[in-house]
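Trainee: I would like to learn how to read a structure like this one. Could you take me through it feature by feature?

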Amino acid sequence: MQNISYAQNAYRSIDIGSLSPLDLIIKLYDGAISFLSKAALGIEKKDKIAKINYINKTRMILEELLSSLNVEAGGEVALHLRDLYTYMIVELTRANANNSIDKVYHVQELMRTLKSAWQEIKITNTPVSESYAIKSINSSH
């Protein structure tokens with residue numbers, strides 16, 4: 001059983017290590033969107049542990065995205081992303097405190113919209129680090 005876990009972790013680190021910063025961002029959004037579905041299910045089933053676990057995982061992703069912003073180079077776009085990430089963290093805190101599925105779905109929809117924008121950037125081959133001011137993404141998560 002331990003070997004399976006080791007192999008899964010090794011696979012994940014290889015997978016993440018080979019991704020571009022833009023792919024990592026999209027992958028973080030995928031993770032957050034998935035965790036929010038599980039958090040909503042936790043609320044629906046009155047499973048406090050699942051709710052808290054998945055909201056916390058999403059919050060950690062948002063904090064990583066927040067810390068990766070380079071506001072100096074990114075200007076207005078980075079400032080708007082910073083405000084939006086902060087807003088989503090606050091909304092998730094409220095969703096957790098009030099068992100609000102609506103707030104979880106609201107944050108999930110915002111994440112889907114942002115993910116779509118990042119995917120568009122990828123398709124159009126826009127240089128990410130210059131135009132959207134990403135310092136770095138910590139791939140150790």
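Trainee: Which residues of the largest nonpolar core touch the most other members?

Mentor: A nonpolar core is a set of buried Ala, Val, Leu, Ile, Met, Phe, Trp, Tyr and Cys residues joined through side-chain atoms within 4.5 Å. Buried means under 20% relative accessible area, exposed means over 50%, and partly exposed lies in between, with a 1.4 Å probe and protein chains only. Here the largest core has 30 residues, and Tyr 29, Leu 65, Tyr 85, Val 104, Met 111 and Trp 118 touch the most other members. At least two core residues come from each of helix 2, helix 3 (48-67), helix 4 and helix 5. Helix 2 gives the most, with 11 residues.

Trainee: Before we go on, what kind of model is this, and how are residues numbered?

Mentor: This is a predicted model, in which local features need pLDDT of at least 70 and side-chain atom pairs count only at pLDDT 80 or more, while totals for chains, interfaces and linings use all residues. Residues are numbered from 1 along each chain as its sequence is written, and side-chain values use heavy atoms, with hydrogens and water left out.

Trainee: What is Met 111 in contact with, leaving aside its neighbours within four places in sequence?

Mentor: Contact means heavy atoms within 4.5 Å. With those neighbours set aside, Met 111 is in contact with Tyr 29, Ala 32, Ile 33, Leu 36, Leu 62, Leu 65 and Met 88.

Trainee: How do I read helix 5, and which of its residues are buried?

Mentor: Helices are DSSP runs (H or I, at least four residues), numbered from the N terminus. The expected span is 1.5 Å times one less than the number of residues. Helix 5 covers residues 101-124, and its 24 residues reach 35 Å from first C-alpha to last, close to the expected 34 Å. Its buried residues are Val 104, Val 107, Gln 108, Met 111, Leu 114, Lys 115, Trp 118 and Ile 121. Just after the helix, Asn 125 takes a positive phi of about 65 degrees.

Trainee: How many salt bridges does the structure hold?

Mentor: Side chains of opposite charge can pair when their charged atoms come close. A salt bridge is a side-chain nitrogen of Lys or Arg within 4 Å of a carboxyl oxygen of Asp or Glu. The structure holds six. One of them joins Asp 23 and Lys 122, whose closest N and O atoms are 2.6 Å apart. Asp 23 lies in helix 2 (residues 21-44) and Lys 122 in helix 5, so this pair ties together parts 99 residues apart in sequence. Lys 122 is partly exposed, at 42% relative accessibility.

Trainee: Which residues are linked in a network of salt bridges?

Mentor: Glu 91, Arg 94 and Lys 103 are linked that way. Glu 91 meets Arg 94 at 2.9 Å, N to O; both lie in helix 4 (residues 71-98), three residues apart, about one turn of the helix. Lys 103 also meets Glu 91, at 3.3 Å, N to O. Lys 103 belongs to helix 5 and Glu 91 to helix 4, so that pair ties together parts 12 residues apart in sequence.

Trainee: Is Glu 91 buried or exposed?

Mentor: Glu 91 is buried, with a relative accessible area of 4%. Arg 94 is partly exposed at 43%, and Lys 103 is partly exposed at 25%.
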